[in-house]
Structures are given as C-alpha cells and as structure tokens.
Amino acid sequence: MTLLVGAMGVKKALEVGTFTGYSALCIALGLAEDGEFIALDIDEEWPSFGRRYWAEAGVGDKVIFRPGPAAQSLNALIDEGHQGRVSTSSSSTPTSEISSPTRRIR
Ligand SMILES: C[S@@+](CC[C@H](N)C(=O)[O-])C[C@H]1O[C@@H](n2cnc3c(N)ncnc32)[C@H](O)[C@@H]1O
C-alpha cells in the first residue's frame with residue numbers, strides 16, 4: 001500500500017475506520033513530503049495505539065485523527081472546505097460523497 005500511495009503521488013488520504021492504525025501507517029508512509037492523512041474512527045481508544053508507531057515511523061505529523069461517527073466527521077470536513085477525488089477501498093461507507101462539498105452524508 002505504501003508503494004502504491006507513493007507511486008500515485010498521493011498528497012491527501014482519508015480513512016474511514018482506523019482501528020489500531022496499521023493501514024494508516026502504511027498509507028502515511030507513502031504520502032508526499034507535505035502529505036496529510038485524515039484518520040476517522042468512532043472509537044478513540046484503538047487508534048490511540050497507532051499514535052506511538054506513527055510517531056516512531058516519522059509520519060506522526062501527517063496523521064490527523066478525528067474521533068466520532070464517520071458520517072458526522074465527513075460532513076464536518078466538507079464544512080471545513082475539504083474536497084477532492086476519492087478512491088474507495090474496502091469500506092462500505094460512501095466516502096466518495098466527500099468529493100462534492102454540497103452533498104451531505106446521512
Ligand atoms: C476493520 S476495522 C479497520 C481496520 C483498519 N483500517 C486497519 O487496517 O487496521 C473497522 C473500524 O471501523 C470503525 N468504525 C465502525 N463504524 C464506524 C463509524 N460509523 N464511524 C467511524 N468509524 C467506525 C471501528 O471502530 C473499527 O476501528
């Protein structure tokens with residue numbers, strides 16, 4: 001995943017469901033130097049395990065963890081002006097909705 005993210009020159013990535021942060025680490029490691037990774041999870045405790053490893057791997061400053069239900073967080077991101085082309089992986093949450101700032105996620 002790190003290789004793929006690097007090859008695509010990804011600058012911004014969003015993950016719905018971070019759990020302990022392993023996939024977050026893999027993606028963050030492949031991001032551009034000025035890249036940003038937004039990690040969403042309804043649970044605050046599990047992603048906190050990842051924090052230490054994100055920092056040890058030197059990507060701690062690229063990872064922004066936002067706790068709470070994803071639909072709420074995605075709508076907040078839209079309100080904050082985030083937008084972009086989104087590729088979804090295995091998540092069942094319609095993250096592609098974020099590509100249009102006028103659409104709301106229910
Ligand atoms: C299969 S795990 C994700 C695994 C993670 N991507 C990894 O590679 O380690 C699913 C995660 O989605 C989170 N989750 C489930 N429903 C959610 C929701 N409505 N909003 C945000 N996170 C949610 C769970 O707390 C859990 O940590």
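Me: Leaving aside neighbours within four places in sequence, with which residues is Ala 24 in contact?
Reply: Ala 24 is in contact with Glu 15, Thr 18, Phe 37, Ala 39, Gly 50, Trp 54 and Val 63. Contact requires C-beta atoms, placed from the backbone, to lie within 7 Å. This is a predicted model, in which local features need pLDDT of at least 70 and side-chain atom pairs count only at pLDDT 80 or more, while totals for chains, interfaces and linings use all residues. Residues are numbered from 1 along each chain as its sequence is written.

Me: Why is Ala 55 called exposed?
Reply: A residue is exposed if 12 or fewer other C-beta atoms, placed from the backbone, lie within 10 Å of its own, buried if 20 or more do, and partly exposed in between. Ala 55 has 12 other C-beta atoms within 10 Å and is therefore exposed. This residue lies in helix α3, and its C-alpha atom is separated by 9.6 Å from that of Leu 25, 30 residues apart along the chain.

Me: What puts the buried residues of α3 on the same side?
Reply: The buried residues of α3 (residues 45-56) are Pro 47, Gly 50 and Trp 54. They cover an arc of only 45° around the axis, and therefore lie on the same side of α3. The arc is taken from the directions that run from the helix axis to the C-beta atoms. Helices (H or I, at least four residues) and strands (E, at least two) are DSSP runs, numbered from the N terminus. The buried residues of α3 pack against α2 (22-30), β2 (36-41) and β3 (63-67). The face turned away from them carries the exposed residues Glu 45, Arg 52, Ala 55 and Glu 56.

Me: Why are the buried residues of α4 assigned to the same side?
Reply: In α4 (residues 70-79), Ala 70, Ser 73 and Leu 74 are buried. Their arc around the axis is only 100°, which puts them on the same side of α4. Among the elements that cover them are β1 (12-16), β2 and β3. Gly 81, with a positive phi near 95°, follows α4.

Me: What makes a set of residues a nonpolar core, and which members of the largest one touch the most others?
Reply: The set must consist of buried Ala, Val, Leu, Ile, Met, Phe, Trp, Tyr and Cys residues joined through C-beta atoms within 7 Å. Of the 17 residues in the largest such core, Ala 24, Ile 27, Ala 28 and Phe 37 touch the most other members. The elements giving two or more residues to this core are β1, α2, β2 and α4.

Methods
Two residues are in contact if their C-beta atoms, placed from the backbone, lie within 7 Å.
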